Amino acid sequence: MSIPKRCMLSKEFVYRQARPVIGFDISERSFRGNFGMDVIDIILLYDEIRRATTLRRIRLPNLWTFRHLLQCLNFMKVMGRNWSAITGKWRVSWRTFRKRMYQTLVILDFVLEKINFGDRNDQWSIKDPSCILDTFTCPIQKPSRRAVQYRARPKFPFGLKYEVCSSIGNPKIVWLKGPFKGSAADMRIVSDSGLRETLSDAGEQAVADAGYVLPAGKEEDEIIRPISKKKFKLTEHDRLYNYFVYSGRSAVERLIRRIRVFDCLNQAWRLGVFLHGKITNIIGRLVNWMLKSKPLG
């Protein structure tokens with residue numbers, strides 16, 4: 001992909017601004033490893049911000065610059081346990097760094113397109129199923145209160161859960177809710193997030209994995225799940241059915257992998273739960289924005 005002529009930034013300028021982190025190792029791999037995005041993607045993202053400012057959709061804070069965007073992306077990509085590991089490279093105090101990061105998150109919240117559940121019908125009109133459902137867990141440090149409710153074993157000692165839905169046909173994130181406590185069951189999250197009620201009102205179903213256990217006394221609900229090997233001896237038809245269910249779920253799993261490219265969701269989170277939810281939502285919208293130029297295929 002080439003840089004449009006309207007963009008005011010060049011690759012050389014971006015590398016020069018990112019030099020405190022990447023040093024003189026000017027390569028796409030090194031840049032992506034520190035910021036989670038390619039150089040061209042960041043240039044286009046900054047162009048979106050600049051155009052939104054020109055159209056007066058947003059007003060940038062005083063002294064906000066392109067470097068502050070890089071600092072925020074660097075935090076989301078390589079957030080370390082020691083804040084000095086990041087702030088030392090950028091040569092700013094943690095207080096200043098945190099202020100700039102909050103400002104950038106507010107700007108991205110205005111610029112990036114919202115995640116809309118209605119987008120599931122853009123290229124797929126079938127209602128059974130209409131989307132693909134899954135959850136993922138992000139580790140956090142041991143909470144000071146009610147730590148048992150945040151246990152997320154066997155993956156992590158403590159964690160926060162998020163619910164994500166992918167569209168079918170042209171995969172993109174159409175639903176991202178959370179955070180939920182790590183001990184919450186998947187079926188409980190479906191009810192608490194409002195997805196079950198939304199699907200029920202629309203007369204639709206979502207494809208999910210075997211972790212979404214069918215409630216007792218029901219023969220079917222809003223979730224299409226594989227047939228369990230533990231309860232039934234699978235026939236050839238059952239194996240074929242499970243094959244299509246599992247192969248269909250690959251889209252949402254690949255989207256979750258793209259979300260987890262940003263290591264702040266893979267390391268033990270030490271800040272507030274609200275900020276974790278905000279950053280996760282921004283990352284999900286960033287993934288959707290990057291899918292326009294780099295679809296899953």
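## An exposed arginine in a loop

At 63% relative accessibility, arginine 146 counts as exposed. The model is a predicted one. Arginine 146 lies in the loop between β1 and β2 (151-152). Its phi is positive, about 50°, although arginine 146 is not a glycine.

Arginine 91 is another residue to look at here. Its place is the loop between α6 and α7. Its phi is also positive, about 60°, and arginine 91 is not a glycine. Is arginine 91 buried or exposed? With a relative accessibility of 78%, arginine 91 counts as exposed.

## Helix α3 and its buried side

Helix α3 covers residues 28-35. Which of its residues are buried? They are Ser30, Phe31, Asn34 and Phe35. Around the axis they cover an arc of only 110°, which puts them on the same side of α3. An α-helix has 3.6 residues a turn, so residues three or four places apart point the same way.

What do the buried residues of α3 pack against? Their partners are α1 (11-17), α2 (19-22), α4 (39-54), α5 and α6 (84-90). Glycine 36 follows α3. The phi of glycine 36 is positive, near 75°.

Helix α5 runs over residues 66-78. It has 13 residues. From its first C-alpha to its last, α5 reaches 19 Å. That is close to the 18 Å expected at 1.5 Å a residue.

Why is α5 described as largely enclosed by the rest of the structure? The reason is burial: 11 of the 13 residues of α5 are buried. The buried residues include Phe66, Leu69, Leu70, Leu73, Phe75 and Met76. His68, Gln71, Cys72, Asn74 and Lys77 are also among the buried residues of α5.

## Leucine 69 inside α5

Leucine 69 is found in α5. Leucine 69 counts as buried, because its relative accessibility is 0%, and the cut-off for buried is under 20%.

Which residues does leucine 69 touch, not counting those up to four places away in sequence? The contacts are Ile42, Leu45, Tyr46, Ile49, Trp64, Thr104 and Leu108. Glutamate 197 is 128 residues from leucine 69 along the chain. The C-alpha atoms of these two residues are separated by 38 Å.

Two packed helices are described by the angle between their axes and the distance between the axes. Start with α5 and α12 (residues 273-291). Their axes come within 12 Å and cross at roughly 100°. The two helices are therefore roughly perpendicular to each other. In this contact, Leu73, Phe75 and Met76 of α5 meet Ile279, Ile283 and Leu286 of α12. The residues of the contact divide into six nonpolar, no polar and no charged.

Now take α4 and α12. They pack at an angle of about 105°, and their axes are 12 Å apart. That makes α4 roughly perpendicular to α12. On the α4 side of the contact are Asp41, Leu44, Leu45 and Glu48. On the α12 side are Leu286, Trp289 and Met290. How do the residues of the contact of α4 with α12 divide? Five are nonpolar, none is polar and two are charged.

## A buried glutamate

Glutamate 222 sits in the loop between β5 (206-207) and β6 (223-224). Is glutamate 222 buried or exposed? Glutamate 222 is buried, with a relative accessible area of 15%. Leave aside the neighbours within four places in sequence. Glutamate 222 is then in contact with Arg196, Leu199, Ser200, Glu204, Gln205 and Ala206.

The peptide bond from aspartate 128 to proline 129 is cis. Its omega is near 5°. Proline 129 lies in the loop between α7 (94-111) and β1 (131-139).

Another cis peptide bond runs from glycine 178 to proline 179, with omega near 5°. Where is proline 179 found? Proline 179 belongs to strand β4, which covers residues 173-181.

Technical notes
Residues are numbered from 1 along each chain as its sequence is written. This is a predicted model: local features need pLDDT of at least 70, side-chain atom pairs count only at pLDDT 80 or more; totals for chains, interfaces and linings use all residues. Side-chain values use heavy atoms; hydrogens and water are left out. Axes are lines fitted to C-alpha atoms, for helices over the stretch in contact, and angles run from 0 to 180 degrees between N-to-C directions. Helices (H or I, at least four residues) and strands (E, at least two) are DSSP runs, numbered from the N terminus. Angles under 35 degrees count as roughly parallel, over 145 as roughly antiparallel, 65 to 115 as roughly perpendicular and the rest as oblique. Contact means heavy atoms within 4.5 Å. Ala, Val, Leu, Ile, Met, Phe, Trp, Tyr, Cys and Pro count as nonpolar, Asp, Glu, Lys and Arg as charged, and the others, Gly among them, as polar. Buried means under 20% relative accessible area, exposed over 50%, partly exposed in between (1.4 Å probe, protein chains only). The arc is that of the directions from the helix axis to the C-beta atoms. The expected span of a helix is 1.5 Å times one less than its number of residues.
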